[in-house]
Amino acid sequence: MTTVRGAAEIGGGLWHWLMQDTMDGLRRRRAILGYVFLLPTLLGIFIFTAGPVFVSFGLSLFRWNIFKPPDYIELANYERLLRDARIAISFGNTLKFTVLAVATQVSIGLILALAVHRITNTAMRYYFRTTFFLPLLMSGAAVAVVMGYIFHKEFGPLNYYLGLLGVQQIPWKTSADWVMVTIVITSAWRNLGFTFILFIGGLSNISQEVLDAADVDGAQGFRRLWSVTIPLLSPQILFATVTGVIGAVQVFEEPFIMTRGGPGNASRTAVMVMYEHAFKDIEYGYGSAIAVVLFLVIMAFTATQMWMSRRWVFYQ
Amino acid sequence: MTANVIRNPGDVSALEHQRQVLVHRAGKIVPVVLLFMLSMVVIAPVVWTISTSLRKGTESFTVPPRWLPTDMAIENYEEVFRKVPFGRQIINSTLITWGTVIGQLFSASLAGYAFARLEFRGRDALFWIVLATMMIPIQAVVIPVFIFLRNLGLVDTLWSLILPAVPTAFGTFLLRQYFLTVPIELEESGLIDGANQWQLFYRIYLPLVKPGMAVLAVLSFNFHWNEFFRPLIFLIDNDNFPITLGIFQLQGYMMTGAIAVVLAGVVMSLVPVIIIYLFGQRYLIEGIMRGAIKG
């Protein structure tokens, strides 16, 4: 009886302390509200993102499939990874893809944005903006399915039109020499919308005064583009490159749906081998080791780009 | 002497002027024509998809490709529902996407407000931790999350996709930016009017960050409607698939046969995102820009 009353008194005291009609009371209420408001997000991020990253590192030190209990094997998964020729090929493909895809989508997006930005007719601007943006709305899966047909060697529309120009049927998806090019085109076609819109926004933020000043100083045409417009766009170019690389290293849908990684391993990517080991062969330890390496590669690429950006990115 | 002769007489300079006008005009028209041709190449796969989805199945994968949907073979669209449980899958995609979007709007608006306008110990440190988790790719967490969901018995349910997607570092960051733009004077006048802390958030701040919530909703809808990797791992049964997996499955059944049916599925999967683009493109584009500003 007394303990209940004691607890009630403490509770009442706390309540009074919190609801005090003073600046201190207000500050306390707002601080507690802050923690309460953050709770769902912080808890969720801890359970589904921050925690699992550490678990992934931990799992990568175990041999674990569903049939046997986990077995601590130190760095054996990483040693196996270094000797695994299929992993080497897949990471190599991913690297090749990343360089080609990012270079393609950033440069073409930039050229298109520069061209569309000069157009003053509103209807025409709207048409071009919608057209170049549209593929970005499609899912990676839908894009891969559609492009898989477009690139079909015998029945694909692309080879038909190339044939009219006298080009022999290109084995887009079936030759090891062509398949990565095909994946790059497919992916760049979709991501073009992102870089394009980004650069259009960047261009419209450049003040006309700066450009006029450049004109007065005698910088016109290509020279103005190179020494004024592009440096002013450099924050957007950096952003397009960094996010482009992060996305490209994770390429999955296009090769998974269009070629299943073939022919042979010619279009197998890092995420594909990680998926296969973890969820087809059910080797959680080895799959985690691949995931960890992938994560470190992304971090290293991002850090390098941010570090190099000091030399060329210009903030207004 | 000759240089002067060419520079001075009126008729030559008129010719020169005309030439310059022509060059100027060509300089304007040629890029537009090139741009127009390029836009046709970019849009061609989409047009081909729509027109082929309306062709008779047997004629769908033939050369030369035909661009006008002369058959109007609506039966391809019906066939999609017979080959895979597409109706069920449309419902699944809708539930997954809306569940995630609503959950994100709820949790991220609370967290964004706390980070922007409430003061408490450890706030900035927590903010940096949340920001840092934006860098973590899905592959680095997917195996532990899968094991965890399996232990909870949630694998092969829609919850396996919704629950982990609700806490959003990006959404929190985005909405925090919007909360920061609300003038602090509004808050003060609200306090004077006797609003309590919850009313301050719900009645004064929340209506003012609606554009930010629209940006988050539109971006998140697009992203999760189009998701493929997580559903592929977390779901097993046909009946639980979202449409991205349905299309993938359809493509597997059809190989190079009646691709018209597969493309009909693709067209249907596009309808919601096109609608969102038509009505919410302002928010979609603003969202892309916002992401870039922080860089």
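Helices here are DSSP runs of H or I of at least four residues, numbered from the N terminus. The model is predicted: local features require pLDDT of at least 70, side-chain atom pairs count only at pLDDT 80 or more, and totals for chains, interfaces and linings use all residues. Residues are numbered from 1 along each chain as its sequence is written, while chains are lettered from A and ligands numbered from 1 in the order in which they are written.

Val297(A) is partly exposed because 18 other C-beta atoms lie within 10 Å. On this scale a residue is buried if 20 or more other C-beta atoms lie within 10 Å of its own, exposed if 12 or fewer, and partly exposed in between, with C-beta atoms placed from the backbone. Between Val297(A) and Gly247(A), which are 50 residues apart along the chain, the C-alpha separation is 12 Å.

Of the 11 residues in α12(A), 8 are buried, and the helix is mostly covered. The buried residues are Ala270(A), Val271(A), Met272(A), Val273(A), Met274(A), Tyr275(A), His277(A) and Ala278(A). Their cover includes α4, α10 (221–249), α11 (253–258) and α13 (284–312) of chain A, and also α6 (139–151) of chain B. After α12(A) comes Ile282(A), with a positive phi near 50°.

Helix α4 (residues 85–118) of chain A in turn packs against helix α8 (residues 179–205) of chain A, at an angle of about 40° and with the axes 6 Å apart. The axes are lines fitted to C-alpha atoms, for helices over the stretch in contact, and angles run from 0 to 180 degrees between N-to-C directions. α4(A) and α8(A) are therefore oblique to each other, since angles under 35 degrees count as roughly parallel, over 145 as roughly antiparallel, 65 to 115 as roughly perpendicular and the rest as oblique. The crossing of α4(A) past α8(A) is right-handed, that is, the near helix is turned clockwise from the far one by less than a right angle. By class, the residues of this contact are 18 nonpolar, 8 polar and 1 charged. Ala, Val, Leu, Ile, Met, Phe, Trp, Tyr, Cys and Pro count as nonpolar, Asp, Glu, Lys and Arg as charged, and the others, Gly among them, as polar.

Between the chains, the contact draws 68 residues from chain A and 66 residues from chain B; two residues are in contact if their C-beta atoms, placed from the backbone, lie within 7 Å. On the side of chain A that touches chain B, helix α2 (residues 23–59) of chain A gives the most, with 21 residues. That side comprises 51 nonpolar, 14 polar and 3 charged residues.

Gly25(A) lies in helix α2 of chain A and counts as partly exposed because it has 14 C-beta neighbours inside 10 Å. Beyond its neighbours within four places in sequence, Gly25(A) is in contact with Leu18(A), Met19(A) and Gln20(A). Gly25(A) and Asn77(A), 52 residues apart in sequence, are 56 Å apart from C-alpha to C-alpha.

Domain bounds, which come from an automatic or database domain assignment, divide chain A into domain 1 (2–59) and domain 2 (77–312). The C-alpha centres of these two domains of chain A lie 44 Å apart. Chain B is divided into domain 1 (2–53) and domain 2 (75–293). In chain B, 4 residues of domain 1 are in contact with 7 residues of domain 2.

Methods
Helices (H or I, at least four residues) and strands (E, at least two) are DSSP runs, numbered from the N terminus.
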